[in-house]
Structure formats: C-alpha cells, structure tokens
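I opened the model to look up a few contacts, charged pairs and a pocket. My notes follow.

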Amino acid sequence: MASTYLTRTPSSATNRKTWTWSGWVKRSSITSSNPRLFVGHTSSTDRVELYFTPADVLVSEIRIGNTARNLLTTRKFRDTSAWYHIVLAVNTTLSTSDDRVKLFINGERVTDIVGGESMPNQNDDTAVNNNVEHRIGSSVAYGNPFDGSMSHIHFIDGTAYDASAFGSTDATT
C-alpha cells in the first residue's frame, strides 16, 4: 500500500560514516511524487535519501550541511513488472572519493551518473545511524510514499558491502 512505511529512531548514534542499505524493490506505478525507498533525516540540511525522481531515475542523495552529494542514475526504472535489487554502500573513511558511495542495481555498480557525481568529503558523518528518525518507504518531512513492494530489506551498521554480499547470480538461469 502506498501509505505504509516502517520507521525507527535509534536510541543513540552509532557509525555514521560506514553503512549499507540493500533491498529488492518492485514499483506498482509510475508517479511524479519522488517516492522514497529509504530516508535518514536530521533536518532539511542533514539527510540521506534513496528515491525515484519524476523522470524515473534512481537518486542517492546525501546532504551534509547545505551541500548535496548526489548520485543520479541515467537508467530509467519504468518496468512495473520487474524486481530491482538495489544496494547503497557508504564509507566516507575511504581516501579514494569515488569509492565513498557505491550504488548497485541488480548486482552491477552504477557508473552511468547524470552530470558526474558528487561524493561526501573524507570522514563526513551522514544522518544515517544518528539518533533521528529513519524510514523505509516514505520521506520524513514530505511523505512521498513508495508505491510498490519491497522485500529482503537489510541495513548493515559499520560495514559497506558490495552487492555480491547479498547473493549471487548465474548467467544461465
């Protein structure tokens, strides 16, 4: 259902630099409301959001202060009969900036980014794992419910896993 979501507020902050979100996602409809898959939200200037845009691309937005660090895919997600495995792995402690945020779709790292990419600074703290509200399936501030199904949602605190940690595929099957 479009208005159903999960929420959790950790009692204390843990590792805000390194974490992984993984889930299987199937859209039921194509909407223009920027449906949110995952949100960690301290304020409008300190948040992490994973969502689809009205143009049906997937966005990973990490906002620290007034600076947004976005990964906008060029791939369109319009197939309402398909399941997509999405992994967002964040590790701001890495010295190589391109490796600090990794987005995987169906086991492949997304490299087709609109207008380049913007990575967090080394050792930036994100809003995720802070003692603030986290949601699966909705935005904290605006609603923006996800209209579809999600399955096998995993959140890992303290480790940035690649998609291969959540399963494997066989090209012949």
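I looked up the contacts of I30, leaving out residues up to four places away in sequence, and found that I30 touches D56, F77, R78 and T80. Contact here means heavy atoms within 4.5 Å. I30 is in the loop between β2 (18-27) and β3 (36-43); strands are DSSP runs of E, at least two residues, numbered from the N terminus. I30 has 39% relative accessibility, so I wrote it down as partly exposed. The cut-offs are under 20% relative accessible area for buried, over 50% for exposed and in between for partly exposed, with a 1.4 Å probe and protein chains only.

This is a predicted model, where local features need pLDDT of at least 70, side-chain atom pairs count only at pLDDT 80 or more, and totals for chains, interfaces and linings use all residues. Residues are numbered from 1 along each chain as its sequence is written, and side-chain values use heavy atoms, with hydrogens and water left out.

Next I searched the whole structure for salt bridges and got twelve. A salt bridge is a side-chain nitrogen of Lys or Arg within 4 Å of a carboxyl oxygen of Asp or Glu. I noted R27 with D56, whose closest N and O atoms are 3.3 Å apart. R27 is in strand β2 and D56 in the loop between β4 and β5 (58-64), so I had a link between distant parts of the chain, 29 residues apart. Both R27 and D56 are buried.

R16 and D46 form another salt bridge, with 3.9 Å between the closest N and O atoms. R16 is in the loop between β1 and β2 and D46 is in strand β4 (residues 46-52), so this pair ties together parts 30 residues apart in sequence. I found R16 and D46 both buried.

Then I turned to the largest pocket, which has a volume of about 270 Å³. A pocket is an open set of points on a 1 Å grid over the protein atoms alone, with protein on both sides within 12 Å along at least five of seven lines; lining residues have an atom within 4 Å of a point. Grid points are joined across faces, edges and corners, and the volume is the space filled by probe spheres set on the points. Of the 16 lining residues, R8, P10, F38, H134 and F155 are the closest to the centre. Strand β11 gives the largest share of the lining, four residues.

Last, I checked H152, which is in strand β11 (residues 148-157). Its phi is near 50°, a positive value in a residue other than glycine.

Notes. 1 Å grid on protein atoms, 1.4 Å probe; cavity = no way out; pocket = protein on both sides within 12 Å on 5 of 7 lines; lining within 4 Å.
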